[in-house]
Amino acid sequence: MRIVIGQITHETNTMFGVPTSVDEFRRQDWALGQDVIKLHDGVRDYLGGMIDAARKNDIEVVPTFSANAVPSGVIMRSAFDQMLGHLLTGIKNAGEIDAICLALHGAGSAEGIDDIEGAILKAVRELVGPELPVIVTLDLHCHMTTEMVEQSTALMIVHEYPHIDCYECGFSAIELAYRTVRREVSPVMRMISLPMFIPPTTTYSGPAYEIKQRCKHWEEKGLLHVSFGHGFPHTDVPVIASNVMAIADGDAKLAEEAAMDVANQVWNSREEFRPRYPDPATALTKAKEAAHGPVVIAEVSDNTGGGAPGCGTHLLKAMLEADLPNSAFGFIYDPVASDQAHAAGPGATISIEIGGQIDPDCLGAPIQVEAYVKSVTDGRFIVQSEMGGGKQIDLGKMARLVIGNVDIIIGSERYQTIDPELFLLHGIDVTRYKIIALKSQNHFLSGFGTLAAEVIRTDPPGWTPSDLSHLDYQRISRPIWPLDDNVKWDQKS
């Protein structure tokens, strides 16, 4: 059996003012042919799972193309066309194949295309015809569309946030393709879109955890796959929505029953998805009062994992003002400051301006300080957490500065801190610190969840706020919860 694999993934924050060029993909993940295997083999991501599942089932994998970029602005049309061209060319040149497994996101947008996943799948389907199984993995923050459903055989969403199960999702996609080709199963999908979307919410606890458990309940009853797509709230496209997907083995009625059951639970739980987080100063006061450390403070509103710049200064400014002992911040995006620190070298004291280079009215103004350069690094490390474990990260020039009692890491590439390796690279053992601050919504839990004595989230002004009323939506379909009151949905038992 021969199965094609490929990937085009991007979480597009349309409110991010800078278009995403092809260079942004090339900087993170860009591979053709066998280089796809080299880049993802042994990594806990979608393609890594697909590769291992193929080995287990004695399937020949035909790698085509993979591309991924840090969440950012609308993809330039030329970049999208180039990526789609590489994928289609790889499929054309694959020879006789039995199925296709693709890692997509579900919240990607390019210039003139709100739903790139639907466009990709339509182009693939036009190339291979209506019968070939096309199995797709999606991010939990996806907007499933009718186009995506019509052009695929199965859409499989990760269950977890942090996304620690990308590997497992990719593995399951290959196994479903294998069983479909052998006619052991006949996938039937039922998607339900709800007039709502939610702020980023962990599946480790709370309402999203309960909904995840309900999905697993249906899978244990024999469904091939049941999942809750939260939707990506930090974008402004008409297709934005929370969705439920149920896939049954040839039984449309069962898929309908499972999807409606989970959708009802999502709808009835919606008011539980209204987070209220303290401002940075209050968060620091709470952290100071904690009996033990490390206390992790996450600045959710400037999360590069959702398309924010990562240069916001609200939390950092509050930390410098509080000047609490044994506190560290990792990290703030500032390539100019990184260059200055590298030029000065370890042991130097420099006058430096940190952060605030993008949208200072919202994200906070630059901070002018005298800083001691403790160390400089090349920004290279290997992820150790369940999410993306084994992946090589290259963040370019980075530095550890000391200002008063606060250790600050600055970097020259945008990245979401998900595990302690970034701190260790700069000589910081987080277990010896009382306060660890970082920019992330929930992915940091994959690396810090078992280490943290306490987790506090703070939501100052930013581009990825948890309070969605702060965003200026212009194009989404209204009415929609939580932006509008008295939203109706035809709920059925």
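Me: Where do the coordinates come from, and how are residues numbered?

Reply: This is a predicted model, in which local features need pLDDT of at least 70 and side-chain atom pairs count only at pLDDT 80 or more, while totals for chains, interfaces and linings use all residues. Residues are numbered from 1 along each chain as its sequence is written, and side-chain values use heavy atoms, with hydrogens and water left out.

Me: How many residues of α3 are buried?

Reply: In α3, 8 of the 11 residues are buried, so the helix is largely enclosed by the rest of the structure. Buried means under 20% relative accessible area, exposed means over 50%, and partly exposed lies in between (1.4 Å probe, protein chains only). Helices (H or I, at least four residues) and strands (E, at least two) are DSSP runs, numbered from the N terminus.

Me: Which residues of α3 are those, and what covers them?

Reply: The buried residues are Tyr46, Leu47, Gly48, Gly49, Met50, Ile51, Ala53 and Ala54. Their cover includes β1 (2-9), α2 (34-40), β3, β4 (99-103), β5 (134-138) and α7. Contact here means heavy atoms within 4.5 Å.

Me: And what follows α3?

Reply: Asp58 follows α3, in the loop between α3 (46-56) and β3 (60-68). Asp58 is not a glycine, yet its phi is positive, about 55°. Its relative accessible area is 69%, so Asp58 is exposed.

Me: Is β3 itself covered or open, and which strands does it pair with?

Reply: β3 is mostly covered, with 8 of its 9 residues buried. It runs parallel to β1, to which 7 bridges join it; there, Ile5 has Pro63 of β3 as its bridge partner. Strand β2 (residues 29-32) is joined to β3 by 4 bridges and runs antiparallel to it, with Ala31 opposite Ser66. Two strands count as paired if DSSP finds at least two bridges between them.

Me: Which residues touch the most other members in the largest nonpolar core?

Reply: That core has 74 residues, and those touching the most other members are Ile5, Ile100, Cys101, Ile120, Leu138, Met144 and Leu155. Helix α7 (residues 166-181) gives the most to this core, with 9 residues. A nonpolar core is a set of buried Ala, Val, Leu, Ile, Met, Phe, Trp, Tyr and Cys residues joined through side-chain atoms within 4.5 Å.

Me: What does Cys101 touch?

Reply: Leaving aside residues up to four places away in sequence, Cys101 touches Ile3, Val4, Ile5, Gly6, Met50, Ile135, Ala173, Ile174 and Ala177. Another core, of 33 residues, lies apart from the largest one and has Met319, Val373, Leu401 and Ala437 among its members.

Me: Changing topic: in what order do the strands of the open sheet run?

Reply: The order of its 3 strands is β7-β9-β8, with antiparallel pairing. β7 (187-194) and β8 (225-229) are at the edges with a single partner strand each, so one side of each is left without a neighbour in the sheet. From one strand to the next, the twist averages 10°. Between β7 and β9 (residues 242-249) there are 8 bridges, and Ser193 has Asn243 as its bridge partner in β9. Helix α9 (residues 252-268) lies across β7, β8 and β9 and runs at about 25° to β7.

Me: How do α10 and α11 cross?

Reply: The axes of α10 (residues 280-289) and α11 (residues 314-322) come within 9 Å and cross at roughly 50°. Axes are lines fitted to C-alpha atoms, for helices over the stretch in contact, and angles run from 0 to 180 degrees between N-to-C directions. Pro280, Ala281 and Leu284 of α10 meet His314, Leu315, Ala318, Met319 and Ala322 of α11.
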